[in-house]
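Biologist: Can you put the model up? I have some questions about it.

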Amino acid sequence: MSAVADTLTHWINFPENIEKLMFPSRTHESCDNENKGFSSIPADILDTPKEFIFYLDVPGLSKSDIQVTVEDENTLVIKSGGKRKREEFEEEGCKYIRLERKAPQKLMRKFRLPENANVAAITAKCENGVLTVVVEKLPPPPKPKTVEVAIA
């Protein structure tokens, strides 16, 4: 019965498995010790004809709190120190009576970029708690020409 359930689960999650093959996130690898103490950042990835667009939720963080880098020539790394500040009140006697919104901890997410990603042309912007990272695609390689040579 367990094998049947595993097979069904695999086929139900098929689109997610394809995405993980194209854009594996290395945050969840158990052998990656450099990510200890970091939380993952939720992300959506859009593949367009000219670019890859990453949308990441970073509520309460400003662009100065976020680092976007490329490591090892093809790994997109997004990090944050997690320093969201609570609203301070200047009036005497003001205090929070409930704190449900957790301040983010250290955040990190890594994505292995495909071979056609142009790592020299990456842009990022942070608006309304969403970080948008755009990675341009390299143009496709020219198709090889066949030249017919006349035999004398």
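What follows is a short exchange about this model.

Modeller: This is a predicted model: local features need pLDDT of at least 70, side-chain atom pairs count only at pLDDT 80 or more, and totals for chains, interfaces and linings use all residues. Residues are numbered from 1 along each chain as its sequence is written, and side-chain values use heavy atoms, with hydrogens and water left out.

Biologist: How many helices and strands does the protein chain have?

Modeller: Two helices and seven strands, where helices (H or I, at least four residues) and strands (E, at least two) are DSSP runs numbered from the N terminus. Along the sequence the pattern is α-α-β-β-β-β-β-β-β.

Biologist: What is the strand order in the open sheet of three?

Modeller: S3-S4-S5, with antiparallel pairing; two strands pair if DSSP finds at least two bridges between them. S3 (66–71) and S5 (107–112) are at the edges with a single partner strand each, so one side of each has no neighbour in the sheet.

Biologist: How many bridges join S3 to S4?

Modeller: Six, and S4 covers residues 75–80. Ile-66 is opposite Ser-80 in S4.

Biologist: New topic. Is Lys-137 buried or exposed?

Modeller: Lys-137 has a relative accessible area of 18%, so it is buried (under 20%; exposed is over 50%, partly exposed in between; 1.4 Å probe, protein chains only). Lys-137 is in strand S7 (residues 130–137).

Biologist: Which side chain does the Lys-137 side chain make a polar contact with?

Modeller: That of Asp-47, at 2.5 Å. A polar contact is a pair of N or O atoms within 3.5 Å; within protein, one must be able to donate a hydrogen and the other to accept it, and residues adjacent in sequence count only if both atoms are side-chain atoms.
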